[in-house]
Amino acid sequence: MARLLLRYSGSLLKSGPLRDLPLSLPQRAASSSRFNMPKRAQEVARPVGICSMMKLPVQDSPEGLDAAFLGIPLDIGTSNRPGARFGPRHIRGESVMVRAYNGGTGASPFESLMVADIGDVNVNVFDLKDSCDRIRAYFKKVVSTGCVPLTMGGDHTITYPILQAMAEKYGPMGLVHVDAHADTADTMLGSKIGHGTPFRRAVEEGLLDCKRVAQIGLRGSTYDPEGYAWSREQGFRVVTAQECWLRSLVPLMEEVKQQMGDGPMYISFDIDGIDPAFAPGTGTPEIAGLYPSQALEIIRGCRGMKVVGCDLVEVAPQYDTTGNTALTAANLLFEMLCVLPNVKYA
Ligand SMILES: [Mn+2]
């Protein structure tokens, strides 16, 4: 099919690389790479293009992919402010600022892995249990292909059916869980399923290798003086936000790496782990949380672990008119992509 070309007569651009700027955007960027490559802002303006994660090509299926971004626009498991159903759209929108290379670590994920945006799980916003069934079925398909899912939530309920699908393939999983809350309640208003219960259900069903679970950033008021006792009784390592204040988390992550060993592990990052000064767009904010730089230390510290899936949950963009929460989430998802096995580093 012929591409429409806009020919410039202005002398400034006449000999420049944009002389043949196409009038419409092809799905795949012109690139010598055999992998999908995000389009550069020097060639395609940031607001141009269909709103996929990092403006990557969109495809329906995980077939042929090493990793895939996908959304779960669900928030009916939320206990306080709703709105995380809009997380995936806003994360994709802000992701136009995320470039292909990691200047901080030297990672070149798009020269190592085939990545695309595979859209959203078609959840039922009138039925949480049915939504969990749908998510589990969807992820069974994704992981059966060997594709690593990088999921945009959605409230934290979604991690429960995701872990069900992952554990079915990989067995009990290691977990790096960043959050203000342990999310290990037994019930909420009598309900076994909600965004405060996913890791209790996961333990009950044997989805987690409890000695290989680290919960980082926990804080805030609790319902009893030993708020995190249940986690510790299971064998989880609990690192409160207070233990992280004003510290580099590089040494912590060296220890977590030992803890995870060689087994398959999952990263579940609740945006409320970060201080609400930086990420106010979330449903259950708690003061005195992690810095974005500490979030980077945590994720970058997962390099070398056998990461088989990741999620970034609880972005409720309407409480943040700046867009910074979704921007932070987009960057953290990119950082997760950068620590997947087989990513090349400079
Ligand atoms: Mn959570």
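The numbered points that follow concern a predicted model.

1. Helix α2, residues 87-94, is mostly covered, as six of its eight residues are buried. The buried residues are Gly87, Pro88, His90, Ile91, Arg92 and Glu94. Among the elements that cover them are the strands β1 (67-72), β3 (115-120) and β4 (148-153), together with helix α10 (324-338).

2. The packing of α2 on α10 can be given in two values: an angle of about 75 degrees and a separation of 8 Å between the axes. Angles of 65 to 115 degrees count as roughly perpendicular, and α2 is therefore roughly perpendicular to α10. On the α2 side the contact involves His90, Ile91, Gly93 and Glu94, and on the α10 side Ala326, Leu327, Ala329, Ala330 and Leu333. Sorted by class, this contact has six nonpolar, two polar and one charged residues.

3. α10 also packs with helix α9 (residues 292-300), here at an angle of about 20 degrees and with the axes 9 Å apart. Angles under 35 degrees count as roughly parallel, so α9 and α10 are roughly parallel to each other. Their crossing is right-handed. Pro292, Ala295, Leu296, Ile299 and Arg300 of α9 make this contact with Thr328, Leu332, Glu335 and Met336 of α10. The classes in the contact of α9 with α10 are six nonpolar, one polar and two charged residues.

4. In soluble globular proteins, nonpolar side chains tend to be buried together. In this model the largest nonpolar core has 95 residues, and those with the most contacts inside it are Ala67, Ala68, Met166, Met173 and Leu333. Helix α10 gives the most to this core, namely 10 residues. Leu333 is also one of the α10 residues that meet α2.

5. Which residues does Ala67 contact, leaving aside its neighbours within four places in sequence? They are Leu113, Val115, Cys147, Val148, Leu150, Leu337 and Leu340.

6. Lys140 is in helix α3, which spans residues 128-144. This lysine is partly exposed, with 15 other C-beta atoms within 10 Å. Not counting residues up to four places away in sequence, Lys140 touches Ala165 and Glu168. Its C-alpha atom is separated by 7.2 Å from that of Met166, 26 residues apart along the chain.

7. Ile287 and Asp275 are 12 residues apart in sequence, and their C-alpha atoms are 6.1 Å apart in space.

8. Most residues other than glycine have a negative phi, and most peptide bonds are trans. Met54 is buried, with 24 other C-beta atoms within 10 Å. Lys55 counts as buried as well, with 23 C-beta neighbours inside 10 Å.

9. The peptide bond from Gly153 to Gly154 is cis, with omega near 10 degrees. Gly154 is placed in the loop between β4 and α4 (159-170).

Technical notes: Residues numbered from 1 in each chain as written. Predicted model: local features only at pLDDT ≥ 70, side-chain atom pairs only at ≥ 80, totals over all residues. Buried ≥ 20, exposed ≤ 12 C-beta atoms within 10 Å, placed from the backbone. Helix = DSSP H or I, 4+ residues; strand = E, 2+ residues; numbered from the N terminus. Contact = placed C-beta atoms within 7 Å. Axes fitted to C-alpha atoms, helices over the stretch in contact; angles between N-to-C directions. Parallel < 35°, antiparallel > 145°, perpendicular 65-115°, else oblique. Left-handed = near helix turned anticlockwise from the far one by under 90°. Nonpolar A, V, L, I, M, F, W, Y, C, P; charged D, E, K, R; others polar. Core = buried A, V, L, I, M, F, W, Y, C linked by C-beta atoms within 7 Å.
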